[in-house]
Amino acid sequence: MIRHLVLFKLNDGVSRDEPRVAEGVEAFRALGAKIPELTFWECDWNITDRPIAYDFAINSAVEDTDALKRYIEHPAHQEGVAMWREFATWVIADYEF
């Protein structure tokens with residue numbers, strides 16, 4: 001199994017209340033039901049205000065590297081990424097467990 005973690009930081013001046021951000025969140029929340037390769041899916045806003053904290057997180061799992069590739073290339077995933085690219089940056093970690 002591979003854990004796929006993504007942490008998002010909203011760009012300066014961007015608020016989580018903005019309609020485009022809300023649309024991006026909903027696009028990501030829906031991925032768990034749209035992409036069969038995902039064996040585990042959760043995402044939500046960070047609840048702490050520590051200065052080093054990121055704003056939004058995705059915690060997911062897939063069976064193997066082939067499934068990870070299919071997930072990354074899936075049109076619904078690509079659509080969500082395109083939305084978030086307009087208002088956030090992110091870091092990713094993928095590891096076997």
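**View 1. The open sheet of the predicted model**. Four strands make up this open sheet, and their order across it is β2-β3-β1-β4. The pairing between them is antiparallel. On average, neighbouring strands are turned by 10° against each other, direction ignored.

**View 2. The pairing of strands β1 and β3**. Strand β1, which comprises residues 2–10, runs antiparallel to β3 and is joined to it by seven bridges. Within this pair of strands, Ile-2 stands opposite Val-62 of β3.

**View 3. Helices α3 and α4 on the sheet**. Helix α3, formed by residues 65–73, lies across β1, β2, β3 and β4. The direction of helix α3 is at about 35° to β1. Helix α4, formed by residues 75–85, packs on the sheet and touches β1, β2, β3 and β4. The direction of helix α4 makes about 140° with that of β4.

**View 4. Ser-60 and its surroundings**. Ser-60 belongs to strand β3, which spans residues 56–62. Ser-60 counts as buried because its relative accessibility is 1%, and buried means under 20%. When residues up to four places away in sequence are not counted, Ser-60 touches Ile-2, Arg-3, His-4, Leu-38, Phe-40 and Trp-41. Cys-43 lies 17 residues from Ser-60 along the chain, and the C-alpha atoms of these two residues are separated by 8.3 Å.

Definitions and conventions:
Residues are numbered from 1 along each chain as its sequence is written. This is a predicted model: local features need pLDDT of at least 70, side-chain atom pairs count only at pLDDT 80 or more; totals for chains, interfaces and linings use all residues. Side-chain values use heavy atoms; hydrogens and water are left out. Helices (H or I, at least four residues) and strands (E, at least two) are DSSP runs, numbered from the N terminus. Buried means under 20% relative accessible area, exposed over 50%, partly exposed in between (1.4 Å probe, protein chains only). Contact means heavy atoms within 4.5 Å. Two strands pair if DSSP finds at least two bridges between them. Axes are lines fitted to C-alpha atoms, for helices over the stretch in contact, and angles run from 0 to 180 degrees between N-to-C directions.
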